[in-house]
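Colleague: I would like to learn how to read a model of this kind, one feature after another. Could you take me through it, giving the general idea before each case?

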Amino acid sequence: MQIVINEQKCTGSGECAKACPERAISLVDGKAVIDKSKCDADGICIPVCVNSAISLQED
Ligand code: SF4
């Protein structure tokens, strides 16, 4: 499983980056970007996003 960010929905609020215990999310050009080497797919960031821009998908 992997975390995927929908760029069309992401408004760059940064709330997911603050919530991530692994510090796997950073903002690049106003969009959230996930460092897959740090993300452990725990899903903590999914409910944090008010725009429902984050989802968990099969690899
Ligand atoms: S799934 Fe967990 S580790 Fe991965 S980016 Fe979201 S909060 Fe961070």
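Modeller: Let us begin with secondary structure, where helices (H or I, at least four residues) and strands (E, at least two) are DSSP runs, numbered from the N terminus. Read along the sequence, this protein follows the pattern β-α-β-β-β, and its secondary structure comes to 1 helix and 4 strands. Please keep in mind that this is a predicted model, in which local features need pLDDT of at least 70 and side-chain atom pairs count only at pLDDT 80 or more, whereas totals for chains, interfaces and linings use all residues. Residues are numbered from 1 along each chain as its sequence is written.

Colleague: How is the radius of gyration of the protein to be read against the globule rule?

Modeller: The radius of gyration is taken over C-alpha atoms, and the globule rule is 2.2 Å times the number of residues to the power 0.38. Here the radius of gyration is 10 Å, close to the 10 Å that the rule gives for 59 residues, so the protein is as compact as a globular protein of that length. Along its principal axes the C-alpha trace spans about 25 × 20 × 20 Å.

Colleague: What share of the contacts with a separation of 6 or more comes from residues 24 or more positions apart?

Modeller: Two residues are in contact if their C-beta atoms, placed from the backbone, lie within 7 Å. In this protein, residues 24 or more positions apart account for 55% of the contacts with a separation of 6 or more.

Colleague: Which strand does S2 pair with, and in which direction do the two run?

Modeller: Two strands pair if DSSP finds at least two bridges between them. Strand S2 is joined to S3 by 4 bridges, and the two run antiparallel; within this pairing, Ile25 has Ile34 of S3 as its bridge partner. S2 and S3 form a hairpin with 2 residues between them, and Asp29 in the turn has a positive phi of about 55°.

Colleague: Is Cys45 buried or exposed?

Modeller: Cys45, placed in the loop between S3 and S4, counts as buried because it has 26 C-beta neighbours inside 10 Å. Leaving aside residues up to four places away in sequence, Cys45 touches Ile3, Cys16, Ala19, Cys20, Ile25 and Ile54. Lys18, which lies in helix H1 (residues 15–19), is 27 residues from Cys45 in sequence and 8.9 Å from it in space, C-alpha to C-alpha, yet Lys18 counts as exposed, with 11 C-beta neighbours inside 10 Å. Of the 59 residues of the protein, 19% count as buried.

Colleague: Which residues come nearest to the ligand?

Modeller: A residue is near a molecule if its C-beta atom, placed from the backbone, lies within 6 Å of it. Of the 14 residues around the ligand, Cys20, Cys39, Asp42, Ile44 and Cys45 come nearest.

Conventions
Buried ≥ 20, exposed ≤ 12 C-beta atoms within 10 Å, placed from the backbone.
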